[in-house]
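Please have a look at it first.

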Amino acid sequence: MKNAGTVLMYNCSGEEFSKLKQIFAMLRLRMRPVEPERYHVPLGDLAVGRGEPGPAAEPISEAMLVFCGMGQALLNQVLEVIRVAKLPPIPLKAVLTDSNQNWDTRQLYAELLKEREAIAAKKEEKS
């Protein structure tokens, strides 16, 4: 049975994430937990299981998911199942693209934080 895609998972251990892991398994998604020793490895390499551990980096402080190698329809299905399951929110989510596949974890994390701040600022302007 072929897997449908891969999810890089950051800070997704513990009881609160067991349901999320069940959902990913049900959808035949490969789960790759990323530890701080692999934060220097490009995302594209992490997605296929490559990359040697290095010195442990400062861990990122929140959960983050990176969806790799799945089409738009499957991605939409995954996000909808997560929403319907009423899981704890994971605001930091990204899709592996040609543009970010050579980034490391720190670069992606910084970009997602900037994006979140920009969205919050836009909401602030509207209210």
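Predicted model: local features only at pLDDT ≥ 70, side-chain atom pairs only at ≥ 80, totals over all residues.

Let me start with F24, which touches V7, M9, L29, M31, L65, F67, V78 and I82 when residues up to four places away in sequence are not counted, contact meaning heavy atoms within 4.5 Å. Residues are numbered from 1 along each chain as its sequence is written, and side-chain values use heavy atoms, with hydrogens and water left out.

F24 is at 0% relative accessibility and therefore counts as buried, the cut-off for that being under 20% relative accessible area with a 1.4 Å probe and protein chains only. F67, at 2%, counts as buried too. These two residues form an edge-to-face aromatic pair, 6.5 Å centre to centre with 90° between the planes; rings of Phe, Tyr and Trp (its six-membered ring) pair if their centres lie within 6.5 Å, and planes under 30 degrees apart count as stacked, over 60 as edge-to-face and the rest as tilted. The pair links F24 in helix 1 with F67 in strand 3, 43 residues apart, where helices (H or I, at least four residues) and strands (E, at least two) are DSSP runs numbered from the N terminus.

By this rule there are two aromatic pairs. In the pair of Y10 and Y39, the ring centres are 5.8 Å apart and the planes at 55°, so this one is tilted. Both Y10 and Y39 are buried.

Terms used:
Buried < 20%, exposed > 50% of the residue type's maximum accessible area, 1.4 Å probe, protein only.
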